[in-house]
Every structure is written in structure tokens, then in C-alpha cells.
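The following exercises are to be worked with the sequence and the structure in view. Each task is followed by a solution in steps.

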Amino acid sequence: MTDLPPTALNTRKFAKGIALFFLIFLATLLLAPLIGPTSINIGKALSGGVHATDNIDANILFLARIPRILLGAVTGAALSVTGAVFQALLRNDLAAPFTLGVSSGASFGAVVAISLNLNFVILGISTLSIAAFAGALGTMFLVFGLVKTRHGDFPTSVLLLAGVTANFFFASMVMFIHYTSDFTQSFQIVRWLMGGLDITDYKTVWSICPFVLAGIGGLIYISRDMNLISAGVQSAMSRGVDVIRTQKIGFILASLITGTVVAISGPIGFVGLIVPHMVRLMVGPDLRLLIPGSMFFGASFLIICDTVGRTLIAPAEIPVGVITAMLGGPFFVWLLKSQQKRGNI
Amino acid sequence: MTEETEISSGLITTQGLTFAYTEEPVLRDVSLNIQAGEFTGVIGPNGSGKSTLLKLIGGILPVSPNTVFFKNHELGHYKKRDLAISIAWIPQEKQMAFSFKVIDIVLMGRHPYLSPLSFEGKNDYQIAADAMRQTQVLQFAQRNFNEISGGEKQRVMIASAISQNPEVMLLDEPTSALDIKYQMEILNILKQLNEQENKTIVLAMHDLHLASKFCKRLILLKEGSVFCEGSPEEVLKKEILEEVYEVKVKIFQDDADGSLLVVPGHS
């Protein structure tokens, strides 16, 4: 008889983990709208309905805070899941959603749109976002086009180098355009490069939500295959994993959801690097739990960071990317130390 | 398919197998038969193509058509999952990028039996536990794989392959990085798997004494070609080894079990 304690990931442990991360997410989602530089009466806000223009509480809640919180949730989720997937597929702790050049490509697209004064809206999405998405997508194909699969594997060092090169190339293109732009454009460019979640409509959030959720769903579907790849490419092959196909699907889906959110929110750094590490320290490296865990925890993390960002020096706002690093850094150090003490790493 | 039936002589057959990573071939025109239930050692100097040969017959590296056959069918025609259930390839132990627990690694052997989105069930746990008991790593189940010793890691990798329940186990230098105690442990586990469960074992190794002690058949590679093959007594001969390894040797026999000791440097 087995005397093995069932402490590897099983359905029960999985459900418990997901429930925990979901509760954290739910709590953040419910509490964050109540916090802000202006205190609002929640009862009054809910009584009038969304479109009551004279109801200031409702306006702040439904037009200023909730769309922004929802965008933070989608962005945080997408960046964190992408980080977890990239780290696993590249078997590298330092990989992040932007490692393969997606964000600098998006920035380049956005900056081109700004410098050409392309400022209108198509199907509810601004040309700026469309250009940024095109930039992200273009970079993705460029980087993967540069890398030939070899003996049944993506050579990860070549992939990383191609990504780093793309990052530097597009960053210098952005600087070049920035340098030659006028004052108004320059301001717009800097604001975009800082990243931010300040939107005032729901349409943007609903337009990116399906893509991000479908992408994450696809990544969860191949999560066990990616687990095996993260433990060793050739061992994975010997256990029946179609490595090339899994890597392609993984990289493309992850790059797509990152491109989608970066197109709206701009390049928000640190979340995608640090959240997967935090979740991994809590639940281990199994992507079946790490992906959904990073999704909920990343969403909560970015909402919290943005809430701090818009209240700390109110009425002014601190860009959320600044807060992610300021809050995330110390928290990560604390987590790292506590786990080291317990001997988990 | 008619050509395939003509060469129906082994469980694994290679025919004129040539492979190059870049331009210079690492394997040249290798034709071999490995029978079901054999315990075969692949020996030869560094760079002679031992690891590459195992990876090719294990389906890790891509093979050209009509060169490698498993049960008389081309290796490349098998579904990856079906091949995984039949042949397990076990690399030399090494650190992993992430801190998987030992039990996680062993359960990965169950991957080809599971459908996407499913978790390992009671049956899979039972199989993993049995495999770990067999290789004496059950007590490490909850330990971080990266924190156990090299010999323990190698036993965990073998446990993982056992839980894959293959017919053939290919091992890439499972003993090269280990001290003599662990070397004996690993080889005794493999011997047991071969004798009691009729697993076909093929392993690449450097230690010629251990090769003669455990393997029933040896394949000696030199510069990517089969130099000779046969029983340890047939292969481990002074003139053969001196030509292949380019070093003077003297060969002694252990009276206890008849195994051969190859000692270099005697003129």
C-alpha cells in the first residue's frame, strides 16, 4: 500500500489553490472601487444608476473607478500569465512578457501613430491601440522568424538574443521619433511609454477581454505539456510531448494576450516578471495551478498598485508602473526571505 | 510497407543510420538490431556518438526515413504518445530551472497516459509510489529535486521512467557522474528491471568493467560507426580496445564473476 502523502497537485489541492486566489481577487475587486482621493457614498452611487449625470458619486464609481479597475484586472492577469509561460518555456527565471520584444514593438507602433497624428477611433478602438497591437504582432513574427527550430526544439538562447535585439532596435527607433517630434507629440509619447490604466469607458475593456480570456484558456489547456518542457525539453519529448508545437502555441498565445493589453495600457513593467515568482513561491512551479493563480493574483496585484498610485499623492497620480516596482520589490524580498527560512527554495 | 517487413529481426532496428547536428556526421551508416529483453551497453570514446544513437532510437532527435524501426515500423510513423508508452529515454541527471518536487518529476512519467486538463488519479499515484519504492526514493517524495544528491536524482529519473511503464529504457550515461556505491545501485536497479520485468535496457556508459559486469551485449562505437559488437568477452579485447581508444591496455578477469577489468597504460 502506498504511504505517499498526496501532496503533489491533485484536484483537491488545485481547487483549494484556485479558491484562495479567486477570493483574493474578489476582495480586491470589491474593495478597490471604494478607495480613492474623493470619498464616495456607495449607497448613493448605487441608487441613481449608471447614467444619472447629476449623481456625482455614481459618476466617480462607474465612469472613473470601475473601468479603470477592470482594465487593471485584465492587464495584470495577461502580463502575469505571459510571464509565467515565458519563464517556463524558456526555462529562465528572468524571462518576462517583454523579454521577446513585444512591448518595444508595441511602443514603436504607438509612437509612429502619434507622430503621424493618427488620432481617431475605429470600431471603438483608438488608432493608437491598433498601431501598438500591430507593432507587438509584427515584432513577434520578426523574432520568431529569425529563429529556426533545430532538432525538435526552439534554441532558447537564440530566441532570447533575438528578443533583446528587437527590444534595443525598437527602443532606439522610439527615441529617434521622439527626438524629432514636436512638444505635444513628445508629451503624448512620454505618457504612453509610462503606461497607464486611465480609461473612462467599458467598451475598451470588453473589446480586449475575450482575447485575453481565450488566450489564457488555451494556455491552461497545454499547461501540463509546458510543465514537462519546463523540466527539460528532451525528457518532455520522451514522454510524448510535441515540444515544437507546444512551444509555438505557448509563445504565440502569450505574445498575443500581452500585445492586446499593452496596446491599451502601454508597457507596464515588473508585473509579468514578479507575479509568477510570487505565485510560484506559494504554490510551486506546476503551471496547471501557476497559470490560473497568476491570472487572479496578477489582476489583484495591478489593481492594488493602481489604487495606491491614484491615492498616494492625490489629486496627482503616480503611473502604475512606478508603483508595481515600488510595492512589488519589497514584497518580493519579504516573500523570498520567508520562503528561504522555511527551506522551500 | 513491404520493405519494412523484410528487416523484421529486432525490437529496435537501425539501417544505414547517419546523423549530423551541423555538417560533420556524428553517426555514419549504423545498422543494428536490439532484441526484446536484452541488456545492451553502448561503449566508445567521448564523441563517438553514443548519446546521439540513444537519442535517435528514443525519438528525441529527428530520424530520416527508413533508418530506424521499432517493432518493424518506422519510428517516425508512431504517434509521440504511443512511442512514449513504449520507449523511455533517461538523460543524465542535472539541475532543473524550477524547484519541482521529486513526486512531481516521477508523476511526469504518467503524462502520456493522461488527457489534457486532467490530473493524476489514484492509479497514477500508486504507480509512482511503486516506482519510487523500487528505486528507493520514496522517502524523498516531498523533497525539492534540486536539493537531493546526484545519485538520488538519477534514481528519481529512473523512477519517472518506470512510471512511464515502457518496454524499452534508454539511459544516457546513468552512472558516469556517480561514485561506485551509486553506480552499483543504479545498475542493480536496471538489472532487476531487465530480469524481473523483462524490460529491454540500452545504456551508454564509459566504465568498461561495469559494462562487462552487467551488460549481456556490448556495442562499441568509434567515430560514429559501429566498430564491433557482441558479448563483453568478444568486444573487450586488448587489440580492439587499443585501436578504438588509442591507448595501451591490459585486461584482467575477476575470478568471482568473470567480469573484465580494463586497465589503461600498460605497455
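**Exercise 1.** Why is A:Leu128 classed as buried?

*Solution.* This is a predicted model, in which local features need pLDDT of at least 70 and side-chain atom pairs count only at pLDDT 80 or more, while totals for chains, interfaces and linings use all residues. Residues are numbered from 1 along each chain as its sequence is written, and chains are lettered from A and ligands numbered from 1 in the order in which they are written.

Step 1. A residue is buried if 20 or more other C-beta atoms lie within 10 Å of its own, exposed if 12 or fewer, and partly exposed in between, with C-beta atoms placed from the backbone.

Step 2. A:Leu128 is buried because 23 other C-beta atoms lie within 10 Å.

Step 3. A:Leu128 belongs to helix α5 (residues 127-146) of chain A; helices (H or I, at least four residues) and strands (E, at least two) are DSSP runs, numbered from the N terminus.

Step 4. Leaving aside residues up to four places away in sequence, A:Leu128 touches A:Ala110, A:Ala113 and A:Ile114; contact requires C-beta atoms, placed from the backbone, within 7 Å.

**Exercise 2.** In what order do the four strands of the open sheet in chain B lie?

*Solution.* Step 1. The order is β2-β1-β4-β5 (chain B), with antiparallel pairing; two strands pair if DSSP finds at least two bridges between them.

Step 1. At the edges are β2 (25-34) and β5 (73-74) of chain B, each pairing on one side only.

Step 2. Strand β1 (residues 12-20) of chain B is joined to β2(B) by six bridges. B:Ile12 has B:Ile34 as its bridge partner in β2(B).

**Exercise 3.** How many residues does each chain give to the contact between chain A and chain B?

*Solution.* Step 1. Chain B gives 36 residues and chain A gives 31 residues.

Step 1. On the side of chain B that touches chain A, the elements giving two or more residues are α3 (80-86), β6 (87-90), α4 (102-107) and α5 (122-134) of chain B.

Step 2. The predictor assigns the complex an ipTM of 0.90 and a pTM of 0.89.

How values were computed: Two residues are in contact if their C-beta atoms, placed from the backbone, lie within 7 Å.
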